[in-house]
Amino acid sequence: MYQQPNLPYIPGADAAGVVAAVGEGVSNFKIGDRVYTCLYGFKFNDGKEFGSYAEYSVAPAARVFRLPDELSFSQGAALGIPYFTAVRALKYKANAQSGERILIHGASGGVGLAAVQICKSWGLDVVGTASTDIGTELVKASGARLVLNHRDKNHKQNLLDATEGKKFDVILEMIAGINLRLDTEIIAPHGRIVVIGSRGDATINPDLLMIGEVNILGLLIGRSTDAEFAEMAKILEQGVRTKFVNPVIDQELPLDQAPKAHEAVIDHVGGSKGKIILIP
């Protein structure tokens, strides 16, 4: 269960813009710098939280990162949670290696597309899932070898066929409550399943974990240390420079239509197609 925030509360964790002011002791940023933020899970010493659904947002220097000129502000606002989550899942949790076979559930969403782009650049064999033609094309364009429709009645067999029966070394799981049992049946020996999201409980056969020496790893980006955030930001900056990091924007909405954006995410009408960005 996710914790309910204390009220009053400003939603939002990711943002991009220009530095309007700097606090005492901040030397690595100056007024006018192009930056992006990732505030998920951060609280100031007095317990206050400051979200990004606003014209101005307060953030600690350790959660502010330089926005490369190659990216727009909308793309910068799409970097935070999706790309940091993807890097944390692949580097710190799964220890993904070049040549390994990886399945990315929900690959047409923000985290999924970020993971596909990164995996392609790191030399992994990428299989993704999506539920629409548009989503499928986005995932393919981002670097997946194969994209499968999770609504297909033969989905499990299609996944096994995608690896010629060898199964997957790594699985990134976005809805563990639905897919985790399937994941344990299609993961290779010594495989790693990284749980990034879930809705509800899951029932699995522990024997499959024992026999294959499989690891199931939980991930919450807010658990990252400042040092890990700094290292991940360097990886992403290099990715932008070498053009494998390219945030995909589904739609842009005015800030006063934030409820509509939330409804679009929850209702999932038309499937995932990248990030929804709010413009103040």
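Which does Glu-164 count as, buried or exposed, and at what relative accessibility?

Reply: Glu-164 counts as exposed, at 68% relative accessibility. Exposed means over 50% relative accessible area, buried means under 20%, and partly exposed lies in between, with a 1.4 Å probe and protein chains only.

A word on the model comes next. This is a predicted model, in which local features need pLDDT of at least 70 and side-chain atom pairs count only at pLDDT 80 or more, while totals for chains, interfaces and linings use all residues. Residues are numbered from 1 along each chain as its sequence is written, and side-chain values use heavy atoms, leaving out hydrogens and water.

Back to Glu-164. It lies in the loop between α5 and β7. Helices here are DSSP runs of H or I with at least four residues, strands are runs of E with at least two, and both are numbered from the N terminus. The phi angle of Glu-164 is near 55°, a positive value in a residue other than glycine. Glu-213 also has a positive phi, near 50°, and is not a glycine. Its place is the loop between α7 and β9.

An α-helix has 3.6 residues a turn, so residues three or four places apart point the same way.

Ser-142 belongs to α4, which spans residues 133-142. It is buried, with a relative accessible area of 13%. Ser-142 touches Leu-113, Val-116, Gln-117 and Lys-120, leaving aside residues up to four places away in sequence. Contact means heavy atoms within 4.5 Å.

Now the cysteines. The whole structure holds 0 disulfides. A disulfide is counted when two cysteine sulfur atoms lie within 2.5 Å. Cys-119 is in no disulfide either. Cys-38 is buried, with 0% relative accessible area. Cys-119 is buried too, at 0%.

Finally, the whole protein. It has 9 helices and 11 strands. The radius of gyration is 19 Å, close to the 19 Å from the globule rule for 280 residues, so the protein is as compact as a globular protein of that length. That radius is taken over C-alpha atoms, and the rule is 2.2 Å times the number of residues to the power 0.38. The C-alpha atoms fill a box of roughly 55 × 40 × 35 Å along the principal axes. Of the 280 residues, 45% count as buried. Among contacts between residues at least 6 apart in sequence, 62% join residues at least 24 apart.
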